[in-house]
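Here is a briefing on a predicted complex, written for a first look. Keep the model open beside the text as you read.

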Amino acid sequence: MKLAVVVQRYGKAINGGAELHARYIAEHLAKHAEVEVLTTCASDYVTWRNELTPGVEQVNGVTVRRFRVKHERDPRVFGQRSVRVFDHAHSLADELAWLDAEGPASPALIAHLQKHGERYDYCFFFSYRYYHAYHGARAVPARAILVPTAERDAAIGVSIFAPVLRGVRALMYNSHEERAMINAASGNEDVPGVVVGIGSDVPQNPQPARFRQKFGIRDPFAIYVGRIDENKGCKELFEFFSGYLRDTPGRMSLVLVGHSLLDVPSHPRIKHLGFLDDTDKFDAMATADVLIMPSYFESLSMVALEAWALGRPVLANAKCDVLKGQCIRSNAGLYYETYAEFTESLVAIERNRWLSGALGRNGRQFFREHYDWSVIERKYLEMLDRLSKDTKSAARTIPPLPGWFARRKADLPPAAEVLAGLPTARSPAKGRA
Amino acid sequence: MPDFNVRSDSVNVEQIMEQIRARIRDKRGVDYTEQQLREMAAVKLEKFLDPRGVRSDLLEQFKRHQPAYEPPVLPSFTFEDTTIYETPRGLLRTIRKLLNPILKLFFNPNPIIHVLHTQADLNAVNLLREAAREKQRMEIDALYYEVIHNLVFEMTRLGIDTKNVKMRVESIASRLEFNERRARALESVVAYREPDESEGERRPEAPPVQAPRPQPFSRPQNNQGGWTPPPAPQPAQAVGESIATSGSVPYSGASTPGTPGIPGGQPASGAGQPGSQGPQGPEGPGQRSRRRRRRRGRRGGGAPAAVVMGAPGSTGSTETAPQSADAAFPAEARSDAPAASNEPERAPESSGPDNDTDPQ
């Protein structure tokens with residue numbers, strides 16, 4: 001069996017959520033099938049500038065075929081088109097223009113799929129919202145398996161995606177909340193799908209003492225791992241944690257790991273360690289008393305899963321229904337919506353060792369049951385097996401785009417309005433992934 | 001602080017969050033989200049504020065009406081010495097140059113050119129300055145609106161906080177009032193027995209007092225008819241003092257008017273109060289039999305011990321000392337457990353100074 005993994009960026013040094021997800025899946029599926037990665041020459045997700053060499057190379061034993069991006073992203077144009085599509089009534093042509101402006105526009109990659117798509121039994125497209133996934137799935141719908149990595153943002157309300165979500169062979173969801181949202185947005189309940197998620201290569205014996213010695217951190221601390229960005233909820237995290245330092249007698253510090261796009265508050269109990277390699281990162285997470293996930297939009301938090309794998313509780317932003325749902329299903333994390341809830345939850349975890357220990361143990365169990373690589377691989381292989389037997393879904397097609405005039409009829413509702421109309425997913429039964 | 005019932009692995013995150021929210025509600029009253037605060041701010045302002053004054057949706061209004069700043073396109077006012085002769089046609093320009101001396105025969109254009117040139121420079125400088133001011137003004141406007149909006153928002157938050165604090169103050173005031181009433185009630189049930197000669201005669205076995213003992217609720221010397229409440233103690237002290245007095249009060253009623261607080265020929269131990277016997281010395285003669293009679297009276301259909309003792313009814317005395325002594329503090333505070341079952345029936349009777357008289 002030959003599989004293609006199609007993703008917007010790919011490489012050892014590329015640590016974006018969906019990109020890392022794609023790399024892990026490609027490397028693990030390579031044990032069971034011949035895998036080829038189709039991607040672009042871009043490494044910067046803001047500009048999509050061609051920085052890597054086009055052609056074929058090997059990354060961790062997986063063949064990677066890179067294609068050039070036709071044009072870089074112009075933030076001004078992309079911003080204008082986003083406003084047009086998200087906030088105003090617009091046309092199909094506006095949405096296609098928005099998709100092109102978003103990038104990474106690589107017609108060469110799409111042409112390769114159109115020309116050589118039959119070489120692959122199945123093509124996994126990562127991140128539904130990008131150019132490569134939309135046009136790639138339309139190029140080979142009978143082989144397309146979509147890993148949408150959809151967050152609850154306005155892009156899900158863009159109407160061009162619904163036919164693609166209904167027309168692919170299967171979808172590999174990251175969470176039940178994501179599945180419910182996509183089903184509501186596109187009406188694709190009859191498309192085969194499974195909630196899979198992603199595993200993680202967490203070391204078996206992290207060294208907390210090594211971390212404490214190396215970074216000179218003695219106190220109990222909460223940790224945040226990821227890009228320190230307002231979009232990730234870090235501004236709110238800083239406000240809430242400053243309040244915790246001011247209003248409670250707690251001893252917890254906050255340790256930040258990752259590149260910062262925000263000013264980190266200057267406080268002796270807020271420490272920014274910058275980007276750490278995996279060894280230090282896992283040591284830090286194993287040392288921490290709790291991992292804080294302040295993000296509003298996540299399709300799946302790998303960091304939260306890693307914390308659970310290490311037996312650490314998680315304190316998540318309840319405004320992100322995926323994180324909240326996972327906390328509830330796993331019984332391994334608390335969640336907050338307001339400052340008071342943040343403080344009380346943090347104090348509860350800090351002061352109640354029984355609670356902290358029980359949450360951590362539940363998290364470890366939850367990870368082992370649902371996110372161990374053997375489980376993930378099995379779910380992927382079962383889906384491939386199911387599709388190979390399912391001749392009905394093989395005939396699935398994606399309807400062509402309407403004509404020139406119909407595409408320019410500005411009768412589509414604002415995407416943000418569509419999103420607002422989508423129901424908030426209810427958390428399914430406990431114990432599920 | 002948080003003390004959750006988490007003693008096993010079977011934690012339920014939703015239940016814990018409920019506990020946390022309940023704790024927050026207990027601490028702060030109703031906890032509003034930012035969104036709720038914003039909605040309330042809008043509603044409150046619409047309802048109470050002058051619509052011509054501050055508006056609740058200031059920032060939205062401002063953003064709607066305020067166009068994005070665009071630097072103005074400045075017209076070119078350059079004026080050089082060649083400007084008046086300029087033309088795209090080369091032949092015409094040549095003719096003008098040839099005829100220029102003839103023009104200068106009629107007037108001198110140089111001062112005009114100079115003035116216009118200077119004026120063009122001034123205009124350009126002024127336009128640049130004006131554009132900079134406009135930009136600055138728009139930035140300040142944005143900040144101003146932001147500040148006003150935040151002020152309105154914070155005003156709303158403060159209003160809600162004030163309301164919550166008021167409610168808490170009212171709650172505390174009502175509790176204080178209740179405690180004061182309770183303290184007064186506790187003070188009022190302490191009764192003092194009038195000196196009764198006949199009773200004194202009926203107790204020949206009572207030994208004389210060995211030494212004076214402090215009586216917290218002793219009656220003033222010249223108060224013969226009723227009794228004056230003692231100084232109001234703190235609630236906690238009141239209970240303690242009631243306990244300390246519970247055994248001695250009936251006997252203090254037997255003290256002579258001239259020796260307030262000194263039991264008239266009776267030992268000061270708490271009759272039937274195990275806890276009170278120690279510090280007040282051993283039981284005196286006759287006390288044990290009296291206590292036995294009182295208990296018998298309680299067991300025998302709830303007749304007040306005082307009746308059995310003959311204090312109020314049988315002797316015609318106006319005192320109800322034993323009743324008052326039992327009712328002086330709550331049942332759970334008393335150490336005489338068997339008596340507790342009769343307490344609710346008798347407590348109301350001895351709730352005020354008026355009940356010092358015979359309840360029957």
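E12(A), helix H11 (residues 302-309) of chain A and E13(A) make a right-handed β-α-β unit. Right-handed has a set meaning: with the strands pointing away from the viewer, the path from the first strand over the helix to the second runs clockwise. Helices (H or I, at least four residues) and strands (E, at least two) are DSSP runs, numbered from the N terminus. The chain then crosses from E13(A) through H12(A) to E14(A), and this β-α-β crossover is right-handed.

This is a predicted model: local features need pLDDT of at least 70, side-chain atom pairs count only at pLDDT 80 or more, and totals for chains, interfaces and linings use all residues. Residues are numbered from 1 along each chain as its sequence is written, while chains are lettered from A and ligands numbered from 1 in the order in which they are written.

**How the strands are arranged**

- Six strands of chain A form an open sheet with parallel pairing, in the order E11-E10-E9-E12-E13-E14.
- Strand E11 (270-274) and strand E14 (333-336) of chain A stand at the edges. Each has a single partner strand, so one side of each is left without a neighbour in the sheet.
- From one strand to the next, the twist averages 25°. Angles here run from 0 to 180 degrees between N-to-C directions, and axes are lines fitted to C-alpha atoms, for helices over the stretch in contact.

**Strand by strand**

- Strand E9 (residues 221-225) of chain A pairs with E12(A) in the parallel sense over two bridges. Two strands pair if DSSP finds at least two bridges between them.
- A:Ile223 stands opposite A:Leu291 in E12(A).
- Strand E12 (residues 290-293) and strand E13 (residues 314-317) of chain A pair in the parallel sense over three bridges.
- In E13(A), A:Leu291 has A:Val314 as its bridge partner, and A:Met293 has A:Ala316.
- E13(A) and E14(A) run parallel and are joined by four bridges. A:Leu315 stands opposite A:Leu334 in E14(A).

**Which way the side chains point**

- In a regular strand the side chains alternate between the two faces of the sheet.
- E12(A) is covered on both faces: A:Val290 and A:Ile292 on one side and A:Leu291 and A:Met293 on the other are all buried. A residue is buried if 20 or more other C-beta atoms lie within 10 Å of its own, exposed if 12 or fewer, and partly exposed in between; C-beta atoms are placed from the backbone.
- In E13(A), A:Val314 and A:Ala316 point one way, A:Leu315 and A:Asn317 point the other way, and all are buried.

**Helix H12 of chain A**

- Why is helix H12 (residues 321-330) of chain A largely enclosed by the rest of the structure? Ten of its ten residues are buried, so the helix is enclosed in that way.
- The buried residues of H12(A) include A:Asp321, A:Lys324 and A:Arg329.
- Just after H12(A), A:Asn331 takes a positive phi of about 55°.

**A buried loop residue**

- A:Val140 lies in the loop between helix H5 (131-139) and strand E6 (144-147) of chain A.
- A:Val140 counts as buried because it has 22 C-beta neighbours inside 10 Å.
- Neighbours within four places in sequence aside, A:Val140 is in contact with A:Leu113, A:Gly117 and A:Cys123. Contact means that the C-beta atoms of two residues, placed from the backbone, lie within 7 Å.
- A:Lys115 is 25 residues from A:Val140 along the chain, and their C-alpha atoms are separated by 9.8 Å.

**Chain B and confidence**

- Chain B has 13 helices and zero strands.
- Of its 360 residues, 23% count as buried.
- The mean pLDDT of chain B is 61, and 38% of its residues reach 70 or more. pLDDT is the predictor's confidence in each residue, from 0 to 100.
- Over residues 300-360 of chain B the pLDDT is below 50.
- Where pLDDT is low, the predicted coordinates should not be read in detail.
- For the complex, the predictor gives an ipTM of 0.79 and a pTM of 0.56.
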